[in-house]
Amino acid sequence: MRHRLWLIAPLLLLGCSRPAPQPAPEPAPAPTAAATTAAARPSTATEAAALQPAAIDPLFAALASDAEPPSVMLNRYVRALLEHDRRSSDAAWAIAPVDPRRADDAALRQLQDLRTLRLDSETPIARDDQQPPRLLEVPVRIRAVTANGVFRFGGWYRVQPSSDGRSWQIQSAQLRPTLD
């Protein structure tokens, strides 16, 4: 019985040793004009960087900062191919292929009974010496599922800014079948 009392005593002491509640802090006085000006000036380089808008990736600086990246445009293009929307898929090209059988990515355009099409893109590579680059090569891996099986392709799409400078357009492509 005495052993149990020794176990209860520390619990009672811990329960009684709770700190007293702190009073609510008083609101700070309104800053003066001099204090406001000093507060607006960052004191370190990291604070200055935090106040700046998000930096634009120099790789994509050929377009406005709110323009979609090439990977998003390529995903829209692949979706248009999957939905057999030739008007939308041709609009993704700077110069649309007249004959789909002779297009740079004819292997994709000629797949029959296409069920799913997945495009995985990697970080684009600048393919010109301009600053910012105006020609990017986007490495891609494509997986197409048809009624006849699964087909895989590897290669790239080269993209350039559109004539109005608001979006990326496909300039050329090179796709090769790959094995599992």
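The turns below take some labels and check each against its cut-off.

Tutor: Keep in mind that this is a predicted model. The protein chain averages a pLDDT of 77, and 68% of the residues score at least 70.

Student: Why is Leu 111 called buried?

Tutor: Buried means under 20% relative accessible area. Leu 111 has 15%, so Leu 111 is buried. Leu 111 sits in the loop between helix 6 (106-109) and strand 1.

Student: Which residues does Leu 111 touch, apart from those up to four places away in sequence?

Tutor: They are Ala 144, Thr 146, Phe 151 and Phe 153.

Student: Is Gln 169 buried or exposed?

Tutor: Exposed would need over 50%, and buried needs under 20%. The relative accessible area of Gln 169 is 18%, so Gln 169 counts as buried. Gln 169 belongs to strand 5. Its contacts outside four places in sequence include Met 73, Trp 93, Arg 158 and Ser 163.

Student: How do you know that strand 3 and strand 4 pair?

Tutor: Pairing takes at least two bridges. Strand 3 and strand 4 are joined by 11 and run antiparallel, so they pair. One of the bridges links Thr 146 to Gly 149 in strand 4. The two strands form a hairpin with 2 residues between them.

Student: How many bridges join strand 4 to strand 5?

Tutor: There are 10, and these strands also run antiparallel. Against the cut-off of at least two, strand 4 and strand 5 therefore pair. Phe 153 stands opposite Pro 177 in strand 5. The hairpin of strand 4 and strand 5 has 6 residues between the strands, and in this hairpin Gly 165 takes a positive phi near 75 degrees.

Student: Which residues touch the most other members of the largest nonpolar core?

Tutor: Leu 108, Ile 142 and Tyr 157 do, in a core of 27 residues. Among the elements that give two or more residues to this core are helix 4 (70-82), strand 3 (136-146) and strand 4 (149-161).

Notes:
Residues numbered from 1 in each chain as written. Predicted model: local features only at pLDDT ≥ 70, side-chain atom pairs only at ≥ 80, totals over all residues. Heavy atoms only, no water. Core = buried A, V, L, I, M, F, W, Y, C linked by side-chain atoms within 4.5 Å. Buried < 20%, exposed > 50% of the residue type's maximum accessible area, 1.4 Å probe, protein only. Helix = DSSP H or I, 4+ residues; strand = E, 2+ residues; numbered from the N terminus. pLDDT = per-residue confidence, 0-100. Contact = heavy atoms within 4.5 Å.
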